[in-house]
There are 4 protein chains.
Amino acid sequence: MEPTLSSPSLTGMPSSHRVRLPRAQREEQVLAVAYASFAAGGYDGSSMSAIADAAGVTKPILYSHFESKDGLYSACADQLVEPMLERVEHAARAAETPDGQLWAGILAQLEFIAEHRAEWRVYVRDAATRGGTPGIALAQGRRRVTALLADLIELASETAGAPPPPEMERDAFAHALQGAVEQVASWWETYPEEAAEAVALRVMNFAWVGFGGMTEGRYWVPPDY
Amino acid sequence: MEPTLSSPSLTGMPSSHRVRLPRAQREEQVLAVAYASFAAGGYDGSSMSAIADAAGVTKPILYSHFESKDGLYSACADQLVEPMLERVEHAARAAETPDGQLWAGILAQLEFIAEHRAEWRVYVRDAATRGGTPGIALAQGRRRVTALLADLIELASETAGAPPPPEMERDAFAHALQGAVEQVASWWETYPEEAAEAVALRVMNFAWVGFGGMTEGRYWVPPDY
Amino acid sequence: MEPTLSSPSLTGMPSSHRVRLPRAQREEQVLAVAYASFAAGGYDGSSMSAIADAAGVTKPILYSHFESKDGLYSACADQLVEPMLERVEHAARAAETPDGQLWAGILAQLEFIAEHRAEWRVYVRDAATRGGTPGIALAQGRRRVTALLADLIELASETAGAPPPPEMERDAFAHALQGAVEQVASWWETYPEEAAEAVALRVMNFAWVGFGGMTEGRYWVPPDY
Amino acid sequence: MEPTLSSPSLTGMPSSHRVRLPRAQREEQVLAVAYASFAAGGYDGSSMSAIADAAGVTKPILYSHFESKDGLYSACADQLVEPMLERVEHAARAAETPDGQLWAGILAQLEFIAEHRAEWRVYVRDAATRGGTPGIALAQGRRRVTALLADLIELASETAGAPPPPEMERDAFAHALQGAVEQVASWWETYPEEAAEAVALRVMNFAWVGFGGMTEGRYWVPPDY
DNA sequence: AATGAATGAGGTTTCATTCAT
DNA sequence: GATGAATGAAACCTCATTCAT
């Protein structure tokens, strides 16, 4: 659980007191430690005491920066969800064709998940069962990710000149896709030498052509390959 | 009136002592209560005291039947995973064509998840974050489910007379499929009036024809419909 | 704060574990210690830890016997209020003339207060400001004491063949009397050599004849003097 | 608990720093806030942080003005006791006949209590249980009130041309009277529509004529009625 | 086989107070 | 004279677990 004892005493001063940081900086540091701690141990597996120790501060500091354990946890979850959304959105926007956007989105999400494996597991899966404030926040985050995929799907369906799918179908599909992405990411752990693109390509083909199609030799290929 | 009663209270006498059950029966009963309790509150949300009380048993009895909280939890997880595997396997075996087997498996799993929503969430989520003995057990259970899907996929691929996909691809696909099933099950919660078959059909088409295929009017239909 | 370390080891056994007591007995013992602790330090001045230590048990035992600190406190308050009510009521009932009953009641209450000075201060005076469950319990206890005085006053008013005073007046009077009793009890602390009867006589004359009456030489004298 | 945020910045200046007040003024303002806070929540229910926030001041300022929480609390208690003494004394002095002085004193104290109900409860109740410096201060304050009543009683006793009662008796009587006043004030809360004079009249009759006297039709009436 | 009593460690949260600037 | 950051101690309460019967 990496102690990360606040890069102690840059001055070398033999102070018995902890380094004094400006509020914003301390908050950032504490958040980083808490983020890692929750990622490693989950909500119930991380105690405020342990987090405080790992951050090299005392518990009251935690509480002066974050209202409660729930609050701290939510802040950590945001730390993960926001960048992920940003990244997926940004990647999708950069693509030119609609199905290229979906492809870029899937790729981006896979990369992101791979880079934040531990956190992802905790913050995203916990969303399902956790109650109270953090549960709600997490569920919302997850829903936003899926909604983003739904948007990409909608755009992509235009590729084929097809009429836009009804919201219900689009959402069902987005859920399926989201699940596929997540689980393939988990599969990826067993074959770490695979390139992100290769993994994403599997998902994309799964989603776009289907397994039956693939057995018939139909494949989807990324626009720029 | 003080009868020397040797057999447990068939008389309805308000005995202050608990009924004495044969070991196996007691274990079963305790397990059922624990299963429900974990399903409702998760691992950290269920205390041994609460489980004992709910089961009408004292704590030492819990510990005499199950080594620890982890042991009890693992036993409960098995309670979920075993029947699920059995059901999916059985349903698949009953189908006649290979892709019919995949279809039957997906349908069976979806139904099972829907029927055990609360438990599924808990035991499957916990699989991700929980450490120690129960975490391992859960992860194994989950892997077995995915492996079963992989088998079904392998069989189904023969439908198209295609060469069997390499293990690696088959597993990737099975993971994607598993994720799709789980997430569509979650989507299902928003549209509870949908029939299980309709939901399974979405997954099957997603997996078999792909979204691109569907936009071109290709669909997979169940063999017996 | 009297350690009262659980009459250690009647058996002389060099057990490292605490003596095991039957539930009822342990409860009584814990209650006694808590009662004294609250009396000495008030609600906020007594911690569950301190009480547990003083009782020679661990905190969970406290909580297994009493639901919470509030619950324990309420139980302690009852320990004081119930006997007091009983004693005053019993004393009053034993008297023969109506004003003799009031006299007996005042005397009994004064004696009781003197015998339980510390507790009285805490449990009765705390009634005014404490909120929550214990506050309510205390306020009720106090109200019952005053109501008992009101009854005695009602009876006493028949002595003079006067019409029964309206409830409102009777209550006002009972409050005044109650306040007088309590404060005279406090005055008593400065003159501890005074006999209880002498003190009660002051209150009774204050209440019955009034100061103006006394300056005119009117006095009330107890029936059996 | 009225934030009363020190009506900052009459100038509208968007200063991030608190207004700089002369020491005496700041002290007064802080005291007022603390007084209200203690009145609302009692000693243990009011935290230094909360008081500081409510006063729009930082905690170190609190400590620079008042040595400790105890010190602040004592200062607040004085805020109540001093004006009360002044008011009773002043009212008494304004009366012309000796028993009129007692009457005026009782009336003034009742009015004062009614106007400061919350504080009265806190500072007077706490006097009984609280230890340390503030407990002593409070007890002293209370004693001074009683002593003042004792003086008024002494004067009043001259009305009847009676010899001055010995100090001991006078004090006993003053205590009884003080208790009666306080408790009748509490009774008053149940009958808020009663005028202060009517309430005070009850106390005065109680104290002067006694209940027995009243049943015989003797009453004390205020000199100017 | 089962019980009631007990424990030690740990959970989150809040407090009065004080440095260092 | 005032601030923001920080602390250590302690509060209430709950948990998994185990004796002794």
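Is the crossing of α5(B) and α7(B) left-handed or right-handed? In this predicted model, α5(B) and α7(B) cross in the left-handed sense. The two elements are helix α5 of chain B, residues 98-115, and helix α7 of chain B, residues 132-157; they pack at an angle of about 155°, and their axes are 7 Å apart. Because of this angle, α5(B) is roughly antiparallel to α7(B), the cut-off for that term being an angle over 145 degrees. On the α5(B) side the residues involved are P98(B), D99(B), Q101(B), L102(B) and G105(B), and they meet L149(B), L152(B), I153(B), L155(B) and A156(B) of α7(B). Sorted by class, this contact of α5(B) with α7(B) holds 7 nonpolar residues, 2 polar and 1 charged.

Helix α7(B) also packs against helix α8 of chain B, residues 167-188. Here the axes come within 8 Å and the crossing angle is roughly 115°. The crossing in which α7(B) passes α8(B) is right-handed. From α7(B), the contact draws on V145(B), T146(B), L149(B), A150(B), I153(B) and E154(B). From α8(B), it draws on R170(B), D171(B), F173(B), A174(B), H175(B), L177(B) and Q178(B). The class count for α7(B) with α8(B) is 7 nonpolar, 3 polar and 3 charged residues. L149(B) and I153(B) of α7(B) are named in the contact with α5(B) and again in the contact with α8(B).

A further helix pair is found in chain C. Helix α5 of chain C, residues 98-115, packs with helix α9 of chain C, residues 196-208, at an angle of about 125°, and the axes are 9 Å apart. At this angle α5(C) and α9(C) are therefore oblique to each other. Their crossing is right-handed. W103(C), I106(C), L107(C), L110(C), E111(C) and A114(C) form the α5(C) part of the contact, while A196(C), E197(C), V199(C), A200(C), V203(C) and M204(C) form the α9(C) part. By class, 10 of the residues in the contact of α5(C) with α9(C) are nonpolar, 2 are charged and none is polar.

Chain A is divided into domain 1, residues 23-66, and domain 2, residues 76-211. The C-alpha centres of domain 1 and domain 2 of chain A lie 29 Å apart. Their contact takes 8 residues from domain 1 of chain A and 7 residues from domain 2 of chain A. On the domain 1 side, 7 residues are nonpolar, 1 is polar and none is charged.

Between chains, consider chains A and B. How many residues of chain A are in contact with chain B? There are 39 residues of chain A in contact with 38 residues of chain B. The elements of chain A that give two or more residues to this side are α1 (23-45), α6 (117-129), α8 (167-188), α9 (196-208) and α10 (210-215). The largest share, 14 residues, comes from α8(A). By class, the side of chain A that touches chain B has 19 nonpolar, 12 polar and 8 charged residues. Chain A can be superposed on chain B with an RMSD of 0.4 Å by a turn of 178° and a shift of 0.1 Å along the axis. The same surface serves both copies, with 97% of the contact residues of chain A recurring in chain B.

Chains C and D also touch. In this pair, 39 residues of chain D are in contact with 40 residues of chain C. Two or more residues come from each of α1 (23-45), α6 (117-129), α7 (132-157), α8 (167-188), α9 (196-208) and α10 (210-215) of chain D. On the side of chain D that touches chain C, α8(D) gives the largest share, 14 residues. That side of chain D has 20 nonpolar, 12 polar and 7 charged residues.

Conventions:
Residues are numbered from 1 along each chain as its sequence is written. Chains are lettered from A and ligands numbered from 1 in the order in which they are written. This is a predicted model: local features need pLDDT of at least 70, side-chain atom pairs count only at pLDDT 80 or more; totals for chains, interfaces and linings use all residues. Axes are lines fitted to C-alpha atoms, for helices over the stretch in contact, and angles run from 0 to 180 degrees between N-to-C directions. Helices (H or I, at least four residues) and strands (E, at least two) are DSSP runs, numbered from the N terminus. Angles under 35 degrees count as roughly parallel, over 145 as roughly antiparallel, 65 to 115 as roughly perpendicular and the rest as oblique. A crossing is left-handed if the near helix is turned anticlockwise from the far one by less than a right angle, and right-handed if clockwise. Two residues are in contact if their C-beta atoms, placed from the backbone, lie within 7 Å. Ala, Val, Leu, Ile, Met, Phe, Trp, Tyr, Cys and Pro count as nonpolar, Asp, Glu, Lys and Arg as charged, and the others, Gly among them, as polar. Domain bounds come from an automatic or database domain assignment. Copies are superposed by least squares on the C-alpha atoms of residues with pLDDT of at least 70 in both.
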